[in-house]
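Please look at the sequence and the three-dimensional structure shown here. The explanation below is intended to be read alongside them.

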Amino acid sequence: MKPARGKSDKSSAAARPDVFCVFRSGFRACCQGTAAITGSPWAFVTASLVIAVWLICGPFFHYSDTWQLIINTATTIITFLMVFLIQNTQNRDTKAIQLKLDELIRAVKGARNQFVNLENLTDDELTQLAEEFERVRRKAELKSKAAKASRL
(Lines give C-alpha, C1' and ligand atoms only; values in the text may rest on other atoms or scores of the structure.)
Protein backbone atom coordinates (compact mmCIF):
# COMPACT_ATOMS: atom_id res chain seq x y z
CA MET A 1 0.00 0.00 0.00
CA LYS A 2 1.37 3.41 -1.01
CA PRO A 3 1.47 6.23 1.53
CA ALA A 4 -0.88 9.13 0.95
CA ARG A 5 0.37 11.74 -1.46
CA GLY A 6 2.37 14.45 0.32
CA LYS A 7 3.20 12.38 3.39
CA SER A 8 6.07 10.54 1.73
CA ASP A 9 7.47 13.84 0.46
CA LYS A 10 7.53 15.34 3.94
CA SER A 11 8.94 12.29 5.67
CA SER A 12 11.68 11.79 3.08
CA ALA A 13 12.58 15.48 3.28
CA ALA A 14 12.78 15.25 7.06
CA ALA A 15 14.95 12.13 6.84
CA ARG A 16 17.41 13.77 4.43
CA PRO A 17 20.07 15.82 6.22
CA ASP A 18 20.23 19.52 5.48
CA VAL A 19 22.95 20.26 2.91
CA PHE A 20 24.31 23.17 4.96
CA CYS A 21 24.36 20.99 8.10
CA VAL A 22 26.37 18.34 6.27
CA PHE A 23 28.75 21.02 4.96
CA ARG A 24 29.24 22.51 8.45
CA SER A 25 29.89 19.07 9.91
CA GLY A 26 32.44 18.29 7.21
CA PHE A 27 34.05 21.73 7.57
CA ARG A 28 34.32 21.26 11.34
CA ALA A 29 35.96 17.86 10.93
CA CYS A 30 38.32 19.24 8.28
CA CYS A 31 39.28 22.21 10.48
CA GLN A 32 39.90 20.02 13.52
CA GLY A 33 42.04 17.60 11.52
CA THR A 34 43.97 20.34 9.79
CA ALA A 35 44.51 22.21 13.06
CA ALA A 36 45.86 19.04 14.67
CA ILE A 37 48.24 18.45 11.77
CA THR A 38 49.41 22.03 11.27
CA GLY A 39 49.87 22.54 15.00
CA SER A 40 52.28 19.64 15.29
CA PRO A 41 56.06 19.85 15.48
CA TRP A 42 56.23 17.83 12.26
CA ALA A 43 54.36 20.55 10.38
CA PHE A 44 56.89 23.10 11.58
CA VAL A 45 59.79 20.88 10.55
CA THR A 46 58.17 20.30 7.15
CA ALA A 47 57.63 24.03 6.62
CA SER A 48 61.22 24.71 7.63
CA LEU A 49 62.46 22.09 5.16
CA VAL A 50 60.35 23.62 2.37
CA ILE A 51 61.91 27.02 3.10
CA ALA A 52 65.40 25.46 3.17
CA VAL A 53 64.83 23.74 -0.20
CA TRP A 54 63.51 27.00 -1.62
CA LEU A 55 66.61 28.85 -0.39
CA ILE A 56 68.94 26.19 -1.77
CA CYS A 57 67.21 26.43 -5.16
CA GLY A 58 67.82 30.19 -5.31
CA PRO A 59 71.22 30.03 -7.04
CA PHE A 60 69.90 27.54 -9.64
CA PHE A 61 67.13 29.99 -10.56
CA HIS A 62 69.52 32.98 -10.30
CA TYR A 63 67.28 34.42 -7.57
CA SER A 64 64.81 35.36 -10.27
CA ASP A 65 61.43 36.98 -9.84
CA THR A 66 59.79 33.61 -10.54
CA TRP A 67 61.81 32.02 -7.73
CA GLN A 68 60.56 34.69 -5.31
CA LEU A 69 57.02 34.54 -6.67
CA ILE A 70 56.78 30.82 -5.90
CA ILE A 71 57.34 31.25 -2.16
CA ASN A 72 55.34 34.48 -1.96
CA THR A 73 52.32 32.93 -3.65
CA ALA A 74 52.49 29.73 -1.62
CA THR A 75 52.78 31.53 1.71
CA THR A 76 50.04 34.01 0.83
CA ILE A 77 47.59 31.24 -0.07
CA ILE A 78 48.44 29.20 3.01
CA THR A 79 48.13 32.25 5.27
CA PHE A 80 44.79 33.20 3.74
CA LEU A 81 43.36 29.73 4.35
CA MET A 82 44.87 29.42 7.82
CA VAL A 83 43.11 32.62 8.95
CA PHE A 84 39.74 30.93 8.44
CA LEU A 85 40.89 27.69 9.98
CA ILE A 86 42.27 29.42 13.08
CA GLN A 87 39.16 31.58 13.45
CA ASN A 88 36.89 28.53 13.22
CA THR A 89 38.93 26.64 15.79
CA GLN A 90 39.08 29.65 18.10
CA ASN A 91 35.32 30.23 17.85
CA ARG A 92 34.61 26.58 18.78
CA ASP A 93 37.06 26.65 21.67
CA THR A 94 35.66 29.93 22.98
CA LYS A 95 32.10 28.64 22.78
CA ALA A 96 33.06 25.44 24.63
CA ILE A 97 34.87 27.40 27.35
CA GLN A 98 31.90 29.75 27.77
CA LEU A 99 29.52 26.81 28.13
CA LYS A 100 31.78 25.20 30.72
CA LEU A 101 32.01 28.44 32.68
CA ASP A 102 28.24 28.89 32.47
CA GLU A 103 27.79 25.40 33.91
CA LEU A 104 30.19 26.17 36.77
CA ILE A 105 28.35 29.39 37.56
CA ARG A 106 25.05 27.51 37.66
CA ALA A 107 26.52 24.72 39.81
CA VAL A 108 28.35 26.81 42.43
CA LYS A 109 26.18 27.90 45.32
CA GLY A 110 26.44 31.64 45.85
CA ALA A 111 27.61 32.39 42.32
CA ARG A 112 25.67 35.11 40.56
CA ASN A 113 23.64 33.53 37.77
CA GLN A 114 23.50 36.85 35.91
CA PHE A 115 27.12 36.14 34.91
CA VAL A 116 25.89 33.39 32.61
CA ASN A 117 26.15 34.71 29.03
CA LEU A 118 28.32 37.59 30.20
CA GLU A 119 29.92 37.65 26.76
CA ASN A 120 26.70 39.14 25.38
CA LEU A 121 27.00 42.36 27.43
CA THR A 122 27.95 45.63 25.79
CA ASP A 123 31.43 47.07 26.21
CA ASP A 124 30.07 49.69 28.61
CA GLU A 125 28.38 47.04 30.76
CA LEU A 126 31.59 45.01 30.85
CA THR A 127 33.56 48.12 31.86
CA GLN A 128 31.09 48.81 34.69
CA LEU A 129 31.39 45.22 35.86
CA ALA A 130 35.20 45.40 35.75
CA GLU A 131 35.08 48.59 37.84
CA GLU A 132 32.78 46.86 40.34
CA PHE A 133 35.24 43.98 40.67
CA GLU A 134 38.11 46.43 41.11
CA ARG A 135 36.21 48.10 43.98
CA VAL A 136 35.56 44.70 45.56
CA ARG A 137 39.25 43.79 45.21
CA ARG A 138 40.39 47.06 46.80
CA LYS A 139 37.91 46.59 49.67
CA ALA A 140 39.18 43.05 50.30
CA GLU A 141 42.76 44.31 50.18
CA LEU A 142 42.01 47.00 52.76
CA LYS A 143 40.30 44.44 55.02
CA SER A 144 43.31 42.17 54.72
CA LYS A 145 45.71 44.99 55.63
CA ALA A 146 43.52 46.01 58.58
CA ALA A 147 43.40 42.42 59.82
CA LYS A 148 47.20 42.15 59.63
CA ALA A 149 47.63 45.47 61.46
CA SER A 150 45.26 44.42 64.23
CA ARG A 151 47.26 41.20 64.78
CA LEU A 152 50.44 43.18 65.34
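The paragraphs that follow move from the whole chain to individual side chains.

The model is a predicted one. Its secondary structure consists of five helices and zero strands, and along the sequence the pattern reads α-α-α-α-α. The chain has 152 residues, of which 9% are buried.

How many aromatic pairs does a search of the whole structure find? The search finds four. One of them is formed by W54 and W67, whose rings are stacked, with 4.0 Å from centre to centre and 5 degrees between the planes. This pair links distant parts of the chain, since W54 belongs to helix α3 (residues 41–57) and W67 to helix α4 (residues 65–107), 13 residues apart. Both W54 and W67 are buried. Ring pairs also bring in Y63, so that W54, Y63 and W67 are linked into a cluster.

A second pair, F80 with F84, is edge-to-face: the centres are 5.1 Å apart and the planes make an angle of 80 degrees. F80 counts as exposed because its relative accessibility is 52%. F84, in turn, has a relative accessible area of 46%, so it is partly exposed.

F80 and F84 also take part in a feature of the surface. Together with I77, L81 and V83, they make a nonpolar surface patch of about 520 Å². L81 is placed in helix α4, and its relative accessibility of 51% means that it counts as exposed. A residue must have over 30% relative accessible area to join a patch, a cut-off that matters here. F80, at 52%, therefore passes it. F84, at 46%, passes it as well, and so does L81, at 51%.

H62, which is not a glycine, has a positive phi of about 55 degrees, and it lies in the loop between α3 and α4. Y63 is placed in the loop between α3 and α4 too, and its phi is also positive, near 50 degrees, although Y63 is a residue other than glycine. H62 is exposed, because its relative accessible area is 69%. Y63, a member of the ring cluster with W54 and W67, counts as partly exposed because its relative accessibility is 48%.

Finally, the cysteines may be considered. How many disulfides does the structure hold? It holds zero. For C31, the closest cysteine sulfur is in C30, at 5.7 Å, and this is too far for a bond. The reasoning rests on a cut-off, because the sulfur atoms of a disulfide must lie within 2.5 Å. C31 counts as buried, because its relative accessibility is 3%. C57, by contrast, counts as partly exposed, because its relative accessibility is 25%.

Definitions and conventions. Residues are numbered from 1 along each chain as its sequence is written. This is a predicted model: local features need pLDDT of at least 70, side-chain atom pairs count only at pLDDT 80 or more; totals for chains, interfaces and linings use all residues. Side-chain values use heavy atoms; hydrogens and water are left out. Helices (H or I, at least four residues) and strands (E, at least two) are DSSP runs, numbered from the N terminus. Buried means under 20% relative accessible area, exposed over 50%, partly exposed in between (1.4 Å probe, protein chains only). Rings of Phe, Tyr and Trp (its six-membered ring) pair if their centres lie within 6.5 Å; planes under 30 degrees apart count as stacked, over 60 as edge-to-face and the rest as tilted. Patches are made of residues with over 30% relative accessible area and no salt bridge: like charges are joined within 9 Å, nonpolar side chains (Val, Leu, Ile, Met, Phe, Trp, Tyr) within 5 Å. Accessible areas come from the Shrake-Rupley method with a 1.4 Å probe; for residues, only the protein chains shown count as cover. A salt bridge is a side-chain nitrogen of Lys or Arg within 4 Å of a carboxyl oxygen of Asp or Glu.
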